[in-house]
Amino acid sequence: MNEVTSKTISFLRFPLIVMVVFIHSNLLEVTVNGVCFVEEGSYPIFEFILHLVSGSIARICVPLFFFISGFLFFSRADLSDIKHIPAPSFFLGKFRRRISTLLIPYLLWNTACFVLIATLQMFGGNSFLGGDKLVRDYTFADWVAIFWQYKNGMPIDPPLWFMRDLMILTLLTPLIFIIVKHLKATVLALLWLCWETDLWFDGIAGLSIQDLFWFSFGAFFSIHGKDFIKTFAPYRKISLIVFICLVAVETILWEVGSPDARWHDILYNTGVFAGAITILTWSARGIEKGVLRVSPLLVSSAFFVYAFHSKPLMAMLKVTLPRLYPMNDLTLILAYIIIPALVITLGIGLYVILKRYMPRFTNIITGGR
């Protein structure tokens, strides 16, 4: 991995996490005691911006995270000359590493989230963070679901579904290596087609076609000894043009109502693909020209913000919206910008404090990042 590629990956960690926070800042879905304070269709300018940012542009972040994860899993090893499959020690070493970087933080953050919800329930504040099922009514399946599929296909700390899926993909890496190594671009084309057209098995929590395609796509470059920045660089300008055009068309279709959901999804996914290449190549260009620089603080705090933000964000939204006056497009846009910014800032601040006074603990809950 050359220096520009490495710095591009590091640089993107924090901006992509910011996108994740904005995806979860959907004011239209915030309810307090069953009351929705932002009625859909009442604030067209705000809803346009919400869709454009959270519903369209920011959706690129998750595919990119899977792409980078697939690339990094097989990086720092010369795999291009291996005919069949690396030695078991290669995968065992990777698995052991991911116990500390994925499994332990995953268990700890979900446990902390459960403790928070259980504590609030004791003091009658259950609806404050989402109206979860009372702990005293838990069945065995509910206890298991905390760490797998607690609500809406996500664990009890919702953003950590990505880590859950990534751990599943990690277990599948020997198979992914064999398929990507021998079928090369053919298997990527098939996975891309399934992802573009949403042809996949429904109801499989932990393994979506998005996960599999983008992780395998990233793995392809490491397995075959290719640099994805150099591969994508010639398409930097055209990808930007295509991305802008597709986002514009998709937003117009969203505004007027798409006549065909399948074609709308294909258009949307194609825009995500073009956007991913755009972000990778233009970020690399900025790094190469010295316009963009890697911030050690933002890079190291990115995971903490990701794991931390969900419940504080929900709490701030529920406290703010009932008190937002006057409620109009301008105030909703300001709330949409300021609240996520405050949560992100709070996350960075807490990370700095914990890193300063509890470095070993912080290292454990962030997986040593």
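Reply: **A close look**

Asp142 has a relative accessibility of 18% and therefore counts as buried; here buried means under 20% relative accessible area, exposed means over 50%, and partly exposed lies in between, with a 1.4 Å probe and protein chains only. The model is predicted, so local features need pLDDT of at least 70 and side-chain atom pairs count only at pLDDT 80 or more, whereas totals for chains, interfaces and linings use all residues. Residues are numbered from 1 along each chain as its sequence is written, and side-chain values use heavy atoms, with hydrogens and water left out.

Asp142 belongs to helix α5 (residues 140–145); helices (H or I, at least four residues) and strands (E, at least two) are DSSP runs numbered from the N terminus. Not counting residues up to four places away in sequence, Asp142 touches Lys133 and Asp137, where contact means heavy atoms within 4.5 Å.

The loop between α5 and α6 holds Asn152. Asn152 is not a glycine, yet its phi is positive, near 55 degrees. At 70% relative accessibility, Asn152 counts as exposed.

Two packed helices are described by the angle between their axes and the distance between the axes. Helix α3 (residues 61–73) and helix α6 (residues 161–171) pack at an angle of about 35 degrees, and their axes are 12 Å apart. Such axes are lines fitted to C-alpha atoms, for helices over the stretch in contact, and angles run from 0 to 180 degrees between N-to-C directions.

On the α3 side, the contact is made by Val62, Phe65, Phe66, Ser69 and Phe73, which meet Trp161, Phe162, Asp165, Leu166, Leu169 and Thr170 in α6. By class, this contact has eight nonpolar, two polar and one charged residues; Ala, Val, Leu, Ile, Met, Phe, Trp, Tyr, Cys and Pro count as nonpolar, Asp, Glu, Lys and Arg as charged, and the others, Gly among them, as polar.

Helix α3 is largely enclosed by the rest of the structure, because 13 of its 13 residues are buried. At 1.5 Å a residue, the 13 residues of α3 should span 18 Å, and the 18 Å between its end C-alpha atoms agrees with this; the expected span is 1.5 Å times one less than the number of residues.

The wider interior can be read through its nonpolar cores, each a set of buried Ala, Val, Leu, Ile, Met, Phe, Trp, Tyr and Cys residues joined through side-chain atoms within 4.5 Å. The largest core has 95 residues, of which Leu27, Phe46, Phe67, Trp214 and Phe228 touch the most other members. Helix α1 (residues 3–23) gives the most to this core, with 11 residues. A second, separate core of nine residues includes Ala118, Val135, Tyr138 and Ile146.

Leaving aside neighbours within four places in sequence, Leu27 is in contact with Val38, Phe46, Leu317, Leu321, Leu332, Ala335 and Tyr336. Leu317 is also one of the buried residues of helix α14 (residues 310–320), listed with Ser310, Lys311, Pro312, Leu313, Ala315 and Lys318. The cover over the buried residues of α14 includes α1, β1 (31–32), α4 (88–122), α13 (296–308) and α15 (329–357). In the loop between α14 and α15 sits Pro326, and the peptide bond from Tyr325 to Pro326 is cis, with omega near -5 degrees.

Helix α4 also contains Ile104, which counts as partly exposed at 35% relative accessibility. Ile104 and Ile364 are 260 residues apart in sequence but 7.6 Å apart in space, C-alpha to C-alpha. With neighbours within four places set aside, Ile104 is in contact with Ile99 and Ile364.

Phe243, in helix α11 (residues 236–256), is buried, with a relative accessible area of 12%. Beyond four places in sequence, Phe243 touches Ile57, Ile60, Gly271, Ala274, Gly275 and Thr278.
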